[in-house]
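Dear colleague,

Please find the structure below, handed over for your study.

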There are 2 protein chains.
Amino acid sequence: MSILITGVAGFIGCNLAKRFTDEGHQVLGVDNLSRGTLNNLAYLQNNPNFTFVKADCAERVGFLEAIENFHKQSPIIEVWHLAANSDIPAGVTDAQVDLKDTFMTTFNVLEVMKQLAIPVLAFASSSAVYGDHGEQSISEDSGPLLPLSNYGAMKLASEAAISAAAESFLARAFVYRFPNVIGVPATHGVLLDFVNKLKTSPDELKVLGDGTQQKTYLHVDDLIDGMLQVRHGATEKLAVYNLGADDTGMSVRHIAEAVVAAASPNAQIVYGIENRGWVGDVPKFQYRLDKLKKLGWTPKLDSRQAIVRAIAEIIQQEITRA
Amino acid sequence: MSILITGVAGFIGCNLAKRFTDEGHQVLGVDNLSRGTLNNLAYLQNNPNFTFVKADCAERVGFLEAIENFHKQSPIIEVWHLAANSDIPAGVTDAQVDLKDTFMTTFNVLEVMKQLAIPVLAFASSSAVYGDHGEQSISEDSGPLLPLSNYGAMKLASEAAISAAAESFLARAFVYRFPNVIGVPATHGVLLDFVNKLKTSPDELKVLGDGTQQKTYLHVDDLIDGMLQVRHGATEKLAVYNLGADDTGMSVRHIAEAVVAAASPNAQIVYGIENRGWVGDVPKFQYRLDKLKKLGWTPKLDSRQAIVRAIAEIIQQEITRA
């Protein structure tokens with residue numbers, strides 16, 4: 001029996017594949033390699049527990065054909081669906097991006113699971129489903145759900161389709177609402193953006209927005225620990241969980257200062273004037289984690305520690321790449 | 001300047017078109033005539049304020065072409081998007097139905113509005129976005145939103161896309177979460193179902209479920225009053241409103257008895273054993289209407305009165321049709 005990971009060549013997918021294969025699971029990884037890279041899977045290349053197939057989950061027939069043979073030999077009993085657009089501003093400019101890569105991937109994963117009678121789905125959702133709740137800290141039951149970006153909208157649309165599928169044919173479903181997740185291999189996000197900006201112009205770091213946006217950050221290793229804890233500890237048929245750090249978060253200003261300190265200590269930081277970086281960015285954001293804590297889980301690193309560690313990892317990654 | 005109504009040949013669409021044209025507005029009505037019928041628009045046939053074009057909003061290019069010329073001559077300043085699948089069980093069986101007719105219609109309406117710079121959208125959402133909240137009465141901020149049917153899921157997905165569009169390019173958006181709406185021309189729903197079952201077998205009425213499902217009902221005339229009140233009274237950029245009757249609702253048992261009394265007084269009523277009629281049906285349901293009341297609106301008919309009136313209208317309709 002085996003586990004299917006979609007978006008396996010992306011940041012979180014490749015880390016999850018490592019974890020599952022290290023634990024002895026058979027893993028089938030699927031990715032369309034539009035944003036993820038085979039380089040991210042180098043570690044798994046000769047691992048007998050890991051199989052990779054290139055396919056686009058947004059194309060139902062091709063996706064089904066890509067996994068059918070494997071499924072016959074080693075039945076897939078669980079899907080971890082991580083494939084999605086990860087470029088939020090791109091999806092604001094063109095709604096088709098998140099429609100296809102974030103929503104239709106989920107819709108087709110559900111269709112294929114129904115067809116192949118695969119019982120369990122774990123889904124990478126996002127804090128972006130909540131929209132802007134101001135100073136209020138957000139629990140899984142918080143409403144209204146009014147996402148600001150098409151990315152958040154198509155994550156919420158995906159959750160909705162999964163909810164109906166859990167009522168209709170899935171045996172279990174796990175919906176993880178991710179915070180900002182950091183670590184390596186970094187493919188996008190504020191840390192990589194700042195590190196690369198400083199590589200190009202070591203004397204100045206231009207920051208989108210006024211630097212007051214404050215969010216919590218979770219290291220990818222903690223994220224995976226948290227997901228597995230929920231997978232094994234939650235009892236709900238449809239388990240919806242916030243995953244995040246248990247603190248008030250870090251401002252973009254503090255992150256900029258930390259990256260400058262680690263990468264280019266003499267650089268000057270120049271801020272914009274808006275309190276959000278782009279359309280669809282949520283200026284302030286804090287989770288309530290009571291549900292997670294009831295399962296006995298807290299992250300090993302708080303937002304500050306996660307950022308310090310991830311900055312070091314990303315600087316190392318970019319040196320290696322160069 | 002004009003108003004576009006999608007799904008204009010359906011139950012609520014044709015009633016809304018009557019109202020707008022009666023008020024002197026220019027109305028462009030679009031429908032793919034898959035469930036709606038031209039018969040529902042007979043009243044508007046020679047009305048100079050009304051134009052009908054057959055088009056499927058789920059096909060973006062064809063939809064755009066169908067409205068572009070009209071828009072050049074009489075700019076559309078507002079879209080009332082009612083086109084959707086209305087057969088909830090059909091969408092549970094085949095998720096493609098609500099994907100195409102309920103979600104992709106909304107997605108394409110938004111794309112076309114962006115392209116033509118149409119500023120205002122009013123959307124027919126549904127209580128089905130909430131899922132099952134048990135005995136709790138539901139306000140617009142209630143969470144979690146875990147729909148039980150693909151219909152509810154694709155209405156929630158539509159709301160999510162509208163929310164992101166309101167952040168990005170719409171000037172105003174109105175999201176109306178409909179309850180059970182009744183009246184004529186009835187195209188589906190429990191009343192028409194019961195009336196037609198009694199026409200076929202006047203001695204017995206078989207009811208799906210045990211009859212304990214209890215919901216509120218709103219007459220279509222009240223629904224339209226309520227929507228227009230919100231349209232003119234609400235001040236939010238993205239206005240989300242529950243629309244419903246201000247009572248505890250009517251059970252299916254009471255509805256069955258009322259239909260039998262009006263249509264076939266000697267019929268025996270036979271109940272099923274489940275407390276829901278089909279996958280995705282919510283057994284009990286009650287709205288909080290505080291937001292609506294703040295705008296000074298309450299329906300003229302409560303659930304019981306609406307049902308009595310609608311039964312009479314539907315019996316008349318079915319006699320006329322026969």
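A salt bridge is a side-chain nitrogen of Lys or Arg within 4 Å of a carboxyl oxygen of Asp or Glu. By that definition, there are zero salt bridges between chain A and chain B.

Please note that this is a predicted model, in which local features need pLDDT of at least 70 and side-chain atom pairs count only at pLDDT 80 or more, while totals for chains, interfaces and linings use all residues. Residues are numbered from 1 along each chain as its sequence is written, chains are lettered from A and ligands numbered from 1 in the order in which they are written, and side-chain values use heavy atoms, with hydrogens and water left out.

How are the two chains related?

Next, the interface. Contact (heavy atoms within 4.5 Å) links 37 residues of chain A with 37 residues of chain B. Because 100% of the interface residues of chain A are also interface residues in chain B, the copies meet through the same surface. The buried area, meaning the accessible area (1.4 Å probe) that two parts lose on being put together, summed over both, is about 2700 Å², and carbon and sulfur atoms give 63% of it. In chain A, Phe107(A), Leu146(A) and Glu167(A) lose the most area to chain B, together 18% of what that side buries.

Helices (H or I, at least four residues) and strands (E, at least two) are DSSP runs, numbered from the N terminus. On the side of chain A that touches chain B, two or more residues come from each of helix H3 (88–93), helix H4 (95–116), helix H5 (150–168) and strand E11 (238–242) of chain A. The largest share, 11 residues, comes from H5(A).

Finally, one residue deserves a separate look. Phe50(A) lies in strand E3 (residues 50–54) of chain A. Is Phe50(A) buried or exposed? Phe50(A) counts as buried because its relative accessibility is 11% (buried means under 20% relative accessible area, exposed over 50%, partly exposed in between; 1.4 Å probe, protein chains only). Leaving aside residues up to four places away in sequence, Phe50(A) touches several residues, including Val8(A), Val27(A) and Leu41(A).

Yours sincerely
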